[in-house]
Amino acid sequence: MTQEFPVTERSRVRRMHDRASHAWGDVHAVLDAAPLCHVGYVIDGEPYVTPTIHWREGNRVFWHGSSASRFLRKIDGQRVCLTVSLMDGYVLARSAYNHSVNYRSAMVFGRAQRITDPQESAAALRAMVDTLFPGRWNSLRPMTAQEAKASTVVWMEIEEASVKDRAGPPGDPEEANYPVWAGVLPMRTTLGPAEPAPDSPATLPLPAELAALVASGRLR
């Protein structure tokens, strides 16, 4: 049986709901594909949205930042909305009204929780690095106590979520006889060839795991 997040007034998709899903697998897939998220929250009655890198373990989404960040201090225990989106192409129709985009997006809701235990924080930071760059943590210089103290990790359990996407050609086949080009301009964001640091020894090869990531066409 497909597991789904509860549909509430907050997470219900009202417009073009046929493009929406609340299934765990669909939400996880978009979160895992996106290289960046935006976290929305309210501080002292004012709205803010912060872009940051995220990673997921089960139904928990994590992100991190500086321990001096007002954002990370203020949102501990507060409700937040985290969103991700990916553009897959421009959709050009025969009329301006029917132009669209192919995309994938997810919106998830939960309560932010700041990790205060040093060992738990260190494990979460290791998970971040190895999730983005498989096998890299063990090859790095160990994190210093000052670096660990300067880093804060926050997580949220996904309580509600929805995914919405579009894929395919223009939705105006009834206007196919109108003499203007119509179709899709695909949009693909991929990792490029690795560029070694200028002071990196030439004898250090690109790790196989990173070469495989670049070759895969994925962003993470």
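This is a predicted model: local features need pLDDT of at least 70, side-chain atom pairs count only at pLDDT 80 or more; totals for chains, interfaces and linings use all residues.
Local features need pLDDT of at least 70 and side-chain atom pairs count only at pLDDT 80 or more, while totals for chains, interfaces and linings use all residues. Residues are numbered from 1 along each chain as its sequence is written, and side-chain values use heavy atoms, without hydrogens and water.

Helices (H or I, at least four residues) and strands (E, at least two) are DSSP runs, numbered from the N terminus. In helix 1 (residues 24-33), Val-27, His-28, Val-30 and Leu-31 are buried (under 20% relative accessible area with a 1.4 Å probe, protein chains only; exposed is over 50%, partly exposed in between). These buried residues fall within an arc of 165° seen down the helix axis, so they line one face of helix 1; the arc is taken from the directions from the axis to the C-beta atoms. Their cover includes strand 4 (54-57) and strand 9 (160-166).

Strand 2 (residues 37-43) has five of its seven residues buried, so the rest of the structure largely encloses it. Its pairings are tabulated below; two strands pair if DSSP finds at least two bridges between them.

Strands 2 and 3 form a hairpin with two residues between them, and Asp-44 in the turn has a positive phi of about 50°.

Gly-110 lies in strand 7 and is buried, with a relative accessible area of 0%. Beyond its neighbours within four places in sequence, Gly-110 has contacts (heavy atoms within 4.5 Å) that include Gln-78, Arg-79 and Met-156.
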